[in-house]
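Subject: Structure handover and notes

Dear colleague,

I am passing on the structure below, together with my notes on what turned up in it. Please read the two side by side.

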Amino acid sequence: MCQNQHHTQASCREGPAASQARCHPGSFGPLRQSPKNRLGPSGEEEEEAGLELGEDVLFCYEVLPGQPALTEVTQCRTDSKAHGIAQVPKLALDVVSCEVGRILQLTDSAIVPVSYTVPRKSTQEFHEDLFPRSAGNIPAASARAWWAGDDSQVQRVSLHPAHRPSRAAFTSTCIPGLPPESRAPDTPRTEDQTEDLGSSSAGSGLSSPTSSLTSPSSAAASLSATSGFVSSPSQRSLQSILGPSSSFRHIQGTVLPRGTHITNLKGLNLTTPGECDGFSANRRRVAVPLLSAGGQVAVLELSKPGRLPDASLPTIENGAPISDLCWDPFDPERLAIAGEDARIRLWRLPPEGLQKSLLEPEAVLQGHTEKIYSIKFHPLAADLLASSSYDLSVRIWDLRSGRQALLLSGHGDQIFSLAWSPEGRRLATACKDGRVRVYEPRQSSQPRQPGLSGSPSSLLSHSERQLSLYQAESLADGPLVRLSLDVSPSTLIPFYDADTGVVFLTGKGDTRVFVYEIIPEAPFFLECNSFFSSEPHKGFQFLPKSECDVREVEVARALRLRQSAIEPIAFRVPRVKKEFFQDDLYPATEVWWEPALSAAAWLRGSDGQHRKISLQPKAMTPVSQAPKDVPSRKYVPSSVYLEEKSDEQKKEELLNAMVAKLGNREDPLPQDSFEGVDEAEWAKYLAQIVLVGMQVVGRAFARALRQEFAASQAAAGARGTSAGSQSAAASSISGISLQEAQRILNVSTLNPEEIQKNFEHLFKVNDKSVGGSFYLQSKVVRAKERLDDELRIQPQEEREAERKPDT
């Protein structure tokens, strides 16, 4: 059986067949199983796999000592044509699942594992016949000894998981400068140790993948140092076997219940620029532009969801059409609004919310000469705001004084968007000329390096939207990776979660939210489940991490703006042990709603850093500290199926099992200890289970009664010959003897109360829904009927026995 492990199954033909080579101009790459994995009566046999390069069929042959020397075992057709194949060592195979071989296929864009598995009834135990002792990973001789004529063989080790020896600390002597304790493969390396190892290898003149500037690992080290992306140990272990895998790949976006929605929105302004979010939200409020003269903005309280009144709402009267708006991340009551009149107005809301319309702003920022396009607050420093305009300039404002602090130039065309770096030292812009520029505003008013020519998704002639990842230190080298997502005229607006490395992308008018995890190694982007909606949204805003419900494994929460409503969306990762805090998904998060430094300190050259807090509730235990579950055996060993038992042995085991269940009368039922399924999921399928069960229980139970009656009627007749005439007749009719009925119900005397009590218990514990069977229940019913007959017959026989002496 051959299974392509990236969700592609190939039909494989097993059994001996004549080996025929196909004529093909491509070269043929053979791989031999080493050590030999199958023993035959005439000696050792081998398996060999081969693939014609450029083809999509993988052949597997068995090498025999006699004739025919090659016997075809399987043919596995793969999805893509191969450019090469390699074999995984035997020590890396999943022997418990009967995996006897694994091949890595090199295709145009991926390395695909192909697993060879031998079908067995039990895949939870080690099969000695499939896995003899194999060569270990410790060399038998050194290079000097081999030159001297030493032909020692590598020591063979057992592949049994319980008997497999621990990995020895072997490191080639060709790598100098490593202390013995750092060479042990079982010792985990930190990021710093990895960099030290790469530098020492490069210094020794050895060719190493970590010393190559074009290798993914070197790019990962640089990307990790500059961008803060860090891969977890679980990602590195998976990458070594199956490639990188995201912990968020099964993320699910869920619209929260309607009671949390804000509905009956009217007169929304949908003419804001495509790169603008369309609305703005913080932890307490959401600001929505309205389509009216003078640029009105409605401010809604998130703590008061529900249907809005039909009457007009109090608004902010901006005085000019709105191009962008943004809440101050450090002041939840200050809102900045950019207008088409080249002015930025700062509005102060009362703590209790907007009770009446605001007419006068707190401050007005003037300096741009043309329409303002976008505005962004500084991520760390308070009272700093950046703005871009059609006058091709970027200005940084000091809100304390209400004046321009810095002016950035160097653009030759319209500025589409701008963004601060997470640490707040740099500012990046995307321009209509297809160039990305990175500034260090406190150092120079010009970009750090010439802009990189590219093709932003909004400028492609065929409206193809792309996702690119650049290294800020070397923009001229081009993107590390570029993905083509879809074709759409709207511009993708990203939201990046620095805690988890997950980026969410969507545009106004879209029905899909793309989700990717960014990692420091190739392929850099790991695709996760996307969120789909039936109706296009007009905007998408993410809330602070503190608003997430960690008890429901919620890693992000957003607000979706629709035509007439605002809906909260929860992005959750499915987990079984939700009663534990998922500390692998929730690292300490930055308190980015508090400033790290003042505007004056930042302008003087200081850099700050947000403090971090844990999202773990006090009453929850981290999942990393949860007790380990003892794995239960799900499959019965094959030896049980092969063992032959007589009818008497089977009947004896049946009676013993029923008596044992009777002895555990007070024990909880199996369903009382079921775990891992939510109550909502039980309710979902309960109706279906009841309907189907009612249809089959009656027929199955009646069929079991008839089978049991036919199987035991003859034996009961023979056992009842020594009893009274009426008792023997009852045994013949019911098909079960009195002695057997007493053993089944575990009664020694004919006590009606004890018989009824034991019958009810045995009938309940042998119900099919708790692991029993209809056959066992039919036995209990027949035994109860036989004992009831005996209770009725016994007084009659006693009266007949009393009349016999009189006659």
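**Overall make-up**

The chain has twelve helices and 43 strands, where helices (H or I, at least four residues) and strands (E, at least two) are DSSP runs, numbered from the N terminus. Please keep in mind that this is a predicted model, in which local features need pLDDT of at least 70 and side-chain atom pairs count only at pLDDT 80 or more, whereas totals for chains, interfaces and linings use all residues. Residues are numbered from 1 along each chain as its sequence is written, and side-chain values use heavy atoms, with hydrogens and water left out.

Of the 807 residues in the chain, 41% are buried; buried means under 20% relative accessible area, exposed over 50%, and partly exposed in between, with a 1.4 Å probe and protein chains only. The accessible surface of the chain is about 43400 Å², and 53% of that belongs to carbon and sulfur atoms; the areas come from the Shrake-Rupley method with a 1.4 Å probe, and for residues only the protein chains shown count as cover. Among contacts (heavy atoms within 4.5 Å) between residues at least 6 apart in sequence, 55% join residues at least 24 apart.

If neighbours within four places in sequence are left aside, V555 is in contact with F248, I251, D497, K545, C548, F571, V573, L585 and Y586.

Strand β39 (residues 539–542) pairs with strand β40 (residues 554–561) in the antiparallel sense over four bridges, pairing being counted if DSSP finds at least two bridges between two strands. The bridge partner of Q541 in β40 is L559. In a regular strand the side chains alternate between the two faces of the sheet. In β39, G539 and Q541 point one way while F540 and F542 point the other way, and all of these are buried.

Strand β17 (residues 296–301) and β19 pair over three bridges in the antiparallel sense, with V297 opposite I316 in β19.

**Salt bridges and cysteines**

The count of salt bridges comes to 36, a salt bridge being a side-chain nitrogen of Lys or Arg within 4 Å of a carboxyl oxygen of Asp or Glu. One of them joins the side chains of E362 and R348 (3.3 Å, N to O). Since E362 lies in the loop between β22 (343–348) and β23 (363–366) and R348 in strand β22, the pair ties together parts that are 14 residues apart in sequence. E362 is partly exposed at 41% relative accessibility, and R348 is partly exposed at 33%.

Another salt bridge links R557 and E554 (2.7 Å, N to O), and both residues are buried. R782 and E785 also meet in a salt bridge (2.7 Å, N to O); they are three residues apart in helix α12 (residues 774–806) and are separated by about one helical turn. A network of salt bridges links E423, R426, E440, R448 and E473.

The count of disulfides comes to zero, on the rule that a disulfide is a pair of cysteine sulfur atoms within 2.5 Å. C76 is buried at 0% relative accessibility, and C326 is buried at 17%.

**Backbone points to check**

A cis peptide bond with omega of about 10° joins A522 and P523, and P523 is placed in the loop between β36 and β37 (525–527). N264, although not a glycine, has a positive phi of about 65°; N264 is in the loop between β14 (262–263) and β15. N746, also not a glycine, has a positive phi of about 60° and is found in the loop between α10 (738–745) and α11 (752–765).

Kind regards
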